[in-house]
Amino acid sequence: MSTETPLLTSLRSPRVVAARRLAKRNQRGKERRFLAEGPQAVREAVAFGRLPDGEHAVVEVYVTPEAAERHADIVAAARAAGRPVLTATEEVVADICDTVTPQGVVALCRFIDTPFEQVLAARPKLVAVLAHVRDPGNAGTVLRTADAAGADAVVLTDASVDPYNPKAVRASVGSLFHLPVATGVPVGEAVARLREAGVRVLAADGAGERDLDQELDEGTLQGPCAWVFGNEAWGLPEETRALADEVVKVPIHGHAESLNLATAAAVCLYASARAQRSRGGCRAEARSR
């Protein structure tokens with residue numbers, strides 16, 4: 001049987017119209033579906049496999065004829081997984097995608113977030129908590145950073161951006177599909193439940209009385225740890241800082257006024273990852289064996 005499909009050319013196709021509607025957060029939440037754009041994101045989406053309910057994370061893949069040749073491995077993997085691969089014109093793919101210059105391949109995916117209870121049950125050692133983070137690019141970049149540092153999960157509070165926002169998905173560069181992501185958790189609940197699970201909670205904020213160098217020098221980062229990161233512009237509110245075990249600042253040794261959210265998150269998460277790895281407790285070490 002041929003695996004070829006007719007070229008999708010109409011912007012008014014019900015499939016295209018339905019996919020385009022996922023640009024809106026309320027529509028994504030209603031359908032529990034989102035779009036993953038670009039070859040890396042689509043490759044990781046296909047590799048993610050099936051959800052606990054047995055459904056595959058990928059509903060279908062749209063690809064231009066040129067991209068189908070350039071990324072034949074993605075097309076083959078999607079078809080091997082039983083996922084429909086729909087060839088479409090560049091105009092159709094561009095209409096579906098959020099980017100100005102799409103790369104010719106996009107996947108329609110089901111939500112893949114993990115229940116917070118499941119994150120806790122896995123006894124996490126390193127967690128990134130995004131509280132009041134509104135910029136999708138920053139959220140996606142922190143998610144990518146947490147993945148690279150070997151974190152066990154990322155938690156986005158109910159006051160934070162949707163991780164399925166197209167910009168957030170792109171900024172994660174496939175990391176959205178690599179580690180558990182819990183969403184919609186009130187920050188107070190997230191902190192309390194993590195602490196109950198034996199995880200030390202640190203608020204990353206320039207107003208901290210302790211700094212990261214002290215934490216490293218005193219060996220206090222070796223145990224299970226959750227870093228709470230705040231809004232890009234105004235950081236963490238006082239009531240959120242008060243919930244944490246400690247408020248820790250990244251020391252500024254030069255003349256810079258501050259670090260942006262993603263950079264600060266990278267410094268903090270890697271500091272914990274290195275401290276934990278020295279005790280054999282980091283996911284990154286286990287994965288390298």
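Visitor: How much space lies in the second largest pocket, and which residues are closest to its centre?
Guide: The model we are looking at is a predicted one. In it, the second largest pocket holds about 230 Å³ of space. Its lining is made of 13 residues, and these divide into six nonpolar, two polar and five charged. The residues closest to the centre of this pocket are Leu51, Pro52, Phe111, Ile112 and Asp113.

Visitor: What is the volume of the largest pocket?
Guide: The largest pocket is lined by 21 residues, and those nearest its centre are Asp205, Gly206, Ser258, Leu259 and Ala264. Strand E11 (246-249) and helix H13 each supply at least two residues of that lining, which by class has 11 nonpolar, six polar and four charged residues. The volume of the largest pocket is about 540 Å³.

Visitor: How far apart should the ends of H13 be, and how far apart are they?
Guide: Helix H13 runs over residues 261-277, which makes 17 residues. At 1.5 Å a residue the helix should span 24 Å, so the expected value can be set beside the one found between its end C-alpha atoms. The two agree, because the distance between those end atoms is also 24 Å.

Visitor: Against which elements do the buried residues of H13 pack?
Guide: Several residues of this helix are buried, among them Leu261, Ala265, Cys268, Leu269 and Gln276. The buried residues of H13 pack against both helices and strands, namely strand E5 (126-130), helix H8 (136-149), strand E8 (200-204), helix H11 (212-217) and strand E10 (225-229).

Visitor: How much space lies in the largest cavity?
Guide: A search of the whole structure finds one cavity of 30 Å³ or more. The residues that line the largest cavity include Ala139, Leu143, Val169 and Ser172, and H8 and helix H9 (166-172) each supply at least two residues of this lining. The lining divides into seven nonpolar, two polar and no charged residues. The space in the largest cavity is about 40 Å³.

Visitor: Is Arg123 buried or exposed?
Guide: Arg123 is found in the loop between helix H7 (116-121) and E5, and it has a positive phi of about 55° although it is not a glycine. Its relative accessibility is 68%, and a residue over 50% is called exposed. Arg123 therefore counts as exposed.

Visitor: And is His132 buried or exposed?
Guide: His132 is found in the loop between E5 and H8, and its phi is near 65°, a positive value in a residue other than glycine. The relative accessible area of His132 is 13%, and a residue under 20% is called buried, so His132 is buried.

Visitor: How far apart in space are Asp245 and Ala203?
Guide: Asp245 lies in the loop between helix H12 (238-241) and E11, and with a relative accessible area of 34% it is partly exposed. Leaving out residues up to four places away in sequence, Asp245 touches Arg195, Val199, Arg200 and Val201. Asp245 and Ala203 are 42 residues apart in sequence, while the distance between them in space, C-alpha to C-alpha, is 7.8 Å.

Note on methods
Residues are numbered from 1 along each chain as its sequence is written. This is a predicted model: local features need pLDDT of at least 70, side-chain atom pairs count only at pLDDT 80 or more; totals for chains, interfaces and linings use all residues. Side-chain values use heavy atoms; hydrogens and water are left out. Helices (H or I, at least four residues) and strands (E, at least two) are DSSP runs, numbered from the N terminus. The expected span of a helix is 1.5 Å times one less than its number of residues. Buried means under 20% relative accessible area, exposed over 50%, partly exposed in between (1.4 Å probe, protein chains only). Contact means heavy atoms within 4.5 Å. On a 1 Å grid over the protein atoms alone, a cavity is a set of points where a 1.4 Å probe fits but cannot get out, and a pocket is an open set with protein on both sides within 12 Å along at least five of seven lines; lining residues have an atom within 4 Å of a point. Grid points are joined across faces, edges and corners, and a volume is the space filled by probe spheres set on the points. Ala, Val, Leu, Ile, Met, Phe, Trp, Tyr, Cys and Pro count as nonpolar, Asp, Glu, Lys and Arg as charged, and the others, Gly among them, as polar.
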